[in-house]
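Please examine the following chain with attention to its sheet, its helices and its aromatic rings.

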Amino acid sequence: MFRIRRGSLIAALVVAAFAVPAVWAAGGQVPLPTKPSDLTVPAKGVLMQPEYVKAVARAAYIWGWPLVNQQNRFNAITQAPYPGHLNGVLPAAPRGQLAMLADYIEPSQTFVTCPNQDVVYGLGFFSLDQEPVVIQVPDFGDRFWVYALYDQRTDQFAELGKPYQTKPGFYLLVGPTWQGEKPAGITAVIRSSTPLANAIPRVFQNDNAQDRKAIQPVINQVVAYPLSKFDGKMKTIAWAKVPDIKAPGSDDSSGGETKWVIPEKFFDQFPGILDAVPPLPGEEAMYAQFRALLDAAAKDPAVKQLLVETAQETEKDVISKFFLWQHNGVPAGNGWNRSANNAQWGVDYFNRTGTSKSNMFDNKPTETQYFYTDNDSAGGQLAGTGNYQVTFAAGQEPPVNGFWSLTLYNDKHLFNPNNLKRYSLGTKNPTLKRNADGSLTIYVGNKSPGKDKESNWLPAPEGTFSLYIRAYWGKQPILDGSWQPPEIRKVQ
């Protein structure tokens, strides 16, 4: 027998009620109105009891957390005066443009958790209701690449990359209400479902000096700009030479990702989110409840104060728990979880919010599958006090058309600084040594496994950490879940 607290039960009932399609009355006899305009909406001026306020507010906070997160990243990054590198480590640009790094992302960045050092990243945010944006696709040759284009819900709204055989050219990003004709010279028009959108190009790079040099001419053509600047010619920017941009100071001393959602400010921002992001089919009733709650708060300071308190409680009781990998995705075998519905969330609010908290900006499942865990295969917390072996049997490395990697993150889901400056191992590392039987063992721990094994060593912090497998452009066993990650065996 299990118990549900009264407040939790009310919240569950409220969310469930919002999600029920208005199709049939009890018994299936009488059809109900199917158009939102035919439905009775919440009455204004009601006196909401505190428990009801808290129930709806908690649902609103969980649902809206990723959207406010995305809005605040936009607000911060687009303050850049020109395309460059924020504090020398993060691509940043004014709205309507993007910037690229010229090498792997540095471990000191805190813009986003769970970055990878397999690709060269770019980043740009757009206000597509103001002006469409042109994004250039150079000829990448045989190199793996993908441009992830996200709307405000953090859903990807395009298929742009090597897995889709995208041709080089100029692609026009437009907002949901744009009605223009495709300009001459534009390869294709791509429509976002929300005015706010962002792009994160990812271009694979091998971990050697030769490829760092070879990649420069092609990434220098990864550029975005407003349609008014389009002249049909491929523009170039030498990203290795752009100036750094000094970022404003932060009062966050946690050492983790920048705090993008402030509970005390959430419900001040929430009305703008509801105005900017139209409801998906079936979300109309939920929007009506949220607006009724905000209307009550605008008229009653006590309700507004309760919203703030509920936001603080929900951040602590619900959102923070999503940082644990066991609360992300679905079990994948051997103690790992794998991503589910990544970057195509729809109404999967659980995984959308979980990913926004733990590892924002996933790629679509067909582009990338993610496997992650905080524990070894016996269920013990991964920690630098132990030594671990992760062995891929011969022929059982992640089956991909693109690339794969195993990355180690500290307890903040960021890179662990180490003398080797090594944060992941995989396809990019030609120096990996295989065992006599063809298997591949990666050694994980705070201490070196020995000079003869250091090529396969992922240095760990003294404290707790997690492991994370990326499988880019997975083959069918990755897509259908039949491939399982290997055991993480603690050896002492």
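This is a predicted model: local features need pLDDT of at least 70, side-chain atom pairs count only at pLDDT 80 or more; totals for chains, interfaces and linings use all residues.

Four bridges join S3 and S4, which pair in the antiparallel sense.

These two strands belong to an open sheet of four, arranged in the order S3-S4-S9-S6 with antiparallel pairing. S3 and strand S6 (145–151) are its edge strands, each pairing on one side only. On average, neighbouring strands of the sheet are turned by 15 degrees against each other, direction ignored. Helix H2, residues 50–77, packs on this sheet and touches S4, S6 and strand S9 (196–204). The direction of H2 makes about 95 degrees with that of S4.

H2 also has a helical partner. Two packed helices are described by the angle between their axes and the distance between the axes. For H2 and H5, the angle is about 80 degrees and the axes are 9 Å apart. Angles of 65 to 115 degrees count as roughly perpendicular, and H2 and H5 are therefore roughly perpendicular to each other. On the H2 side, the residues making the contact include Ala-57, Ala-60, Tyr-61, Trp-63, Gly-64 and Leu-67. H5 contributes, among others, Pro-263, Phe-266, Phe-267, Phe-270 and Ile-273.

Tyr-61, Trp-63, Phe-266, Phe-267, Phe-270, Tyr-287 and Phe-290 form one aromatic cluster. Tyr-61 and Trp-63 of H2, together with Phe-266, Phe-267 and Phe-270 of H5, also take part in the contact between the two helices.

Across the model, the count of aromatic pairs comes to 31. One of them joins Phe-111 and Trp-260 in an edge-to-face arrangement, at 5.4 Å centre to centre and with 75 degrees between the planes. This pair links distant parts of the chain, 149 residues apart. Phe-111 lies in the loop between strand S3 (97–100) and strand S4 (119–127), whereas Trp-260 lies in the loop between strand S11 (244–245) and helix H5 (263–276). Are the two residues buried or exposed? Both Phe-111 and Trp-260 are buried.

Phe-111 has a charged neighbour as well: Arg-73 lies over the face of its ring, at 5.0 Å from the ring centre. A further arrangement of this kind involves Lys-235, which lies over the face of Tyr-225 at 5.0 Å from the ring centre.

Key. Residues are numbered from 1 along each chain as its sequence is written. Side-chain values use heavy atoms; hydrogens and water are left out. Rings of Phe, Tyr and Trp (its six-membered ring) pair if their centres lie within 6.5 Å; planes under 30 degrees apart count as stacked, over 60 as edge-to-face and the rest as tilted. Buried means under 20% relative accessible area, exposed over 50%, partly exposed in between (1.4 Å probe, protein chains only). A charge sits over a ring if NZ of Lys or CZ of Arg is within 6 Å of the ring centre and within 35 degrees of the ring normal. Two strands pair if DSSP finds at least two bridges between them. Axes are lines fitted to C-alpha atoms, for helices over the stretch in contact, and angles run from 0 to 180 degrees between N-to-C directions. Contact means heavy atoms within 4.5 Å. Angles under 35 degrees count as roughly parallel, over 145 as roughly antiparallel, 65 to 115 as roughly perpendicular and the rest as oblique.
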